[in-house]
Amino acid sequence: MSKDSKTIVSLFPVGNGDMTLIALADNAETKILIDCNIREAADDPEDETRDVAKDLRDRLTRDSNGRPYVDVFLASHGDWDHCRGLTKHFYLGPPNAYPDDKKKDSEKRIFIREIWSSPMVFRRAGKLNKLCDEALAFAAEAKRRVKVNRDKKFVGVVEGDRVLVLGEDEDGKTDDLGPILVKIDEVFSKINASQNLFFQARLLGPLPPSGDEEEEELLSKNHSSVVLNIALRESTGTNTWKHFLTGGDAEVAIWERFWEKYKKSPSVLAYHLLLSPHHCSWHSLSYDSWSEKHEKAQVSKSARSALSQISTGGKIVASSVPIKDDDCDPPCYGAKQEYQKIVQGVKGSFYCTGEYPTEKSPAPLEFCVTADGFEELGTKAANGAPAILTSGIVDAIGARAAEAAAVKKEGNRRYA
Amino acid sequence: MPDVPTLEQRRQQAILELNDFLCQECGAVRLPETSATQIQDCDFVARWRLKIQVLQQPREMNVCVSGLFPFAAPRFQLIDGPPFLTWPHVEKDGMLCLGDETLTVDPSLPVAMARQLLRELAFPLLLQSENGSNREDFRTEFYSYWNATVLVGEPPVRSLLAPHGPSRLVRIWHGQHFAVVGETEDSVLRWLRNLYGNQKQFDSTDSACLLWLNEVPLPNQYPERSSDVGEMARSCGGRPFLSELVVNGRRSIPVIFGSTSENGPCFGAMMVSNSERTNVMGRRVDFVRAGFRPGRAPQRLVAQRLFSSSVPVTRAKVERADAAWIHGRDQDPRQASLAARRVVIIGCGAIGAPVASQLAMAGVGHLLLIDPEILAWANIGRHPLGADSVGSYKASELAKKLTASFPHGHFDSRTEEWGAVLAKEPNLLADCDLLICATGVWSVESELNAWHASGQRPSHILYSWTEPHACAGHAVAIKSGDSCLQCQFTPLGDAKTVVTDWGGAGPSREPACGAVYQPYGPVELSWTAATASALALDCLLDKIPRSTHRIWVGPKVLLKGAGGSWNSEWRREREDREAGGFLEERAWTKDTMCPICA
């Protein structure tokens, strides 16, 4: 990777769900995947749903064994729409038992070098409902890796066995995991056992065990999730970090608590790019029901404050289906309006993955980290032409030729 | 006449349209015409520069059109890609190889062409290169990359090796301009003598080693030093063979490696140089034998030192010249069988000679040609031999020509009547897999038929002849124990099935006693020869379980032009025969009253 490489955040059009890839500009081209939601329709070549698995695989480099890999996979929490397709597209198990080396590239499952997992998130979710199969598989893999770490006393743990535990579990269950434990408010930059110069993250949530049954129930009902404020930079030559705030499905009570905690140091919550919580759900901003109260529904000032620490030119993204002016939630039209107000104040932009670049043909929404923040890839030059051709632009350019085939790749089967 | 644009007008219009598309939709900038330079022997008449970002890395790429545009696709040139051999399908000068040899384009749609190429070929290639998912292409298209690392002027190695493992010792002959490697000394020297004649330098070979690898190497695994060769040998259990090559006085050690890719077997060659060095005293010393008196260094130790050191390795191309490659590029499942088959051809005239050539090209491994006649000037207009063979025996000259053309094959000749050959060497005829009689002479055919019917081998005899002016041709395969040739012939040698009718006209004559001929040309005759060759292959491949007759019927226009008509009896058998121009197959049925086989 040359010094010109870019740090890029890709948000895939996965409907109401999350799948975000952070590709760092370091020499190792480190890739961090937060959540996945690869629906069956997206895997069906006959279906028009965007093939996001291909989009993801295209962006992943292959290791020396020819395996596609991510350096990190983080499940923000255990809901279906954050881990759907995990067992089909990713390999879960001991690294030396990876079974796909002889398969075609397109059939090789993605190798996860390091897992980031929060036992507290899964514990809270499990109290309310039975975890889905994919979440159970993820949790089992995280447990396997923690055991390997414990057995090896955290020394000599290889890629494929590595794990970071985000946040302490209840009853001191994670007290012995020092080298692989990230505590709340800790800023860390270790990825796959190495310090990374392009990445820092502050762990904001899940909120630690409170000891209060009522409070725990509230946090559970508010979709306790891993919340990270991730700082990225375009090169090691600058000390300017751009912040990406991502919080899974965390809802209003959680954001209220963040505001209470950080209102005297709001820079902790400051961001240039926000993935709006819970697919632009009204319930991240309010206790009221949007479908019942509409414009009369009260916005929580604290939650809104927590989600308003936007920098100039900042972006907010709803990872959801297209947002309509109706009773649907999520995505909620009222929440979209709130976020639009937030970006308007800083001359920023609001995006919905289901509408980008068009509702009819959504494609990955990608931002490049620059000195000014997060710049949408493929922005236009002064003459209206793209300044740089990206895959997305080429997709659109090529699609215009689809009806008039001018090239036959396999030739015309005439020989002499 | 409609106002049809000239080629140049079409080209300029297409370039204008492409320019608009590239500049307005792709943000490209047209490069000055003075910089539209020659790249890889190709003159580009216009180029544009694009900025692209496939994944994380912004790059620059040129779109180039040659003077063949829009009849040929534009090409894409990566300007600041990684070093050559980092990505597959990217040439030394950055040109993307998009399968240009098989691409076909619609010249009336220059912009759609560029859109499609960008989206479906250029960008996906760059994407797969950046993410590494096409790395296996280095293996499946090994020759393109290995051969690109060979120094210009390095003599190639021509291989007669069987393209499979295991690793083994083989033999190599070194010439100034090429080397030849084969399984045995005999096979290498025979090949050389067949191709170049008996020359004194074709007297011996050296030992070499074939390493058969489990996997085709990637470019970063191509050996550069002797230690790399040692490592390669270790990976496939070939170290003991390397040790055997390290003998005193040897100037270089030839190592061939091979492996099976998805597209079939492939080879590369390396020469490990002399291990002598000049020491500080200016004397030449052999460092791998240092510490031992001349000739006393243990071979195993010398090999261990040599293949653990950094003696330079010279790479060479391997040109496969073995039968499996020449006859079907490893893809023809018939080759193993055909290479082992023995065919005798009696009559090397206008049918027998092209049949012999076709069977040799098809991979039949052993041909014996029998013909007592000498090639005359009048023959060469429809014979594979030419003026340089006039005055020589047809059979021996043809065998010589085939031997030089296919030096891996076995071609022999007898310049006698077939009966004389039978009398002197009866096994030559009896032991062959197929005997072909292409004389059209009843005395030969009837005698052969009687011999075959008496229970002698081979299992099939194939007879072939044409009718007048080659307007129809016949190939009959007689299966041993089934009907015989006589069954469908009159006792005087007239075929019972005749396609054409010529009234009372007889053959043409030369101004000499008994010199009759048919004035047909090589083109119409080629159909009959091909019919006979195809039936011969079917016999050799055990596809003819009973006696079979194939008739090639020329088109009516040929027949009319020569002044003939269809034989009315034959014509009446089926309605659709009038136009001619087809191949027909029928059983060669047994005649219960046949004087030979009944």
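B:His366 sits opposite B:His410 of strand S19 in chain B. The model is predicted; local features need pLDDT of at least 70, side-chain atom pairs count only at pLDDT 80 or more, and totals for chains, interfaces and linings use all residues. Residues are numbered from 1 along each chain as its sequence is written, and chains are lettered from A and ligands numbered from 1 in the order in which they are written.

**The sheet in chain B**

His366 belongs to strand S18 (residues 366-370) of chain B, which pairs with S19(B) in the parallel sense over five bridges. Strands (E, at least two residues) and helices (H or I, at least four) are DSSP runs numbered from the N terminus. Two strands pair if DSSP finds at least two bridges between them.

These strands are part of an open sheet of eight, ordered S19-S18-S17-S20-S21-S22-S26-S28 (chain B), with mixed pairing. S19 (410-414) and S28 (580-587) of chain B each have a single partner strand, so one side of each lacks a neighbour in the sheet. On average, neighbouring strands are turned by 15° against each other, direction ignored.

Helix H16 (residues 522-540) of chain B packs on this sheet. Among the strands it touches are S17 (342-346), S20 (434-437) and S21 (460-466) of chain B. The direction of H16(B) makes about 170° with that of S21(B). Axes are lines fitted to C-alpha atoms, for helices over the stretch in contact, and angles run from 0 to 180 degrees between N-to-C directions.

Four of the five residues of S17(B) are buried, so the strand is largely enclosed by the rest of the structure. Buried means 20 or more other C-beta atoms within 10 Å of the residue's own, with C-beta atoms placed from the backbone.

| Strand pair | Sense | Bridges |
|---|---|---|
| S17(B) and S18(B) | parallel | five |
| S17(B) and S20(B) | parallel | four |

B:Arg342 stands opposite B:His366 in S18(B). In S20(B), B:Ile436 is the bridge partner of B:Ile345.

**Where chain B meets chain A**

In chain B, 36 residues are in contact with 39 residues of chain A. Contact means C-beta atoms, placed from the backbone, within 7 Å. On the chain B side, helix H2 (110-131) is one of the elements giving two or more residues. H2(B) supplies the largest share, eleven residues.

Strand S22 (residues 407-408) of chain A is joined to S6(B) by two bridges, and the two run antiparallel. Here A:Val407 stands opposite B:Val105.

Technical notes:
Two residues are in contact if their C-beta atoms, placed from the backbone, lie within 7 Å. A residue is buried if 20 or more other C-beta atoms lie within 10 Å of its own, exposed if 12 or fewer, and partly exposed in between; C-beta atoms are placed from the backbone.
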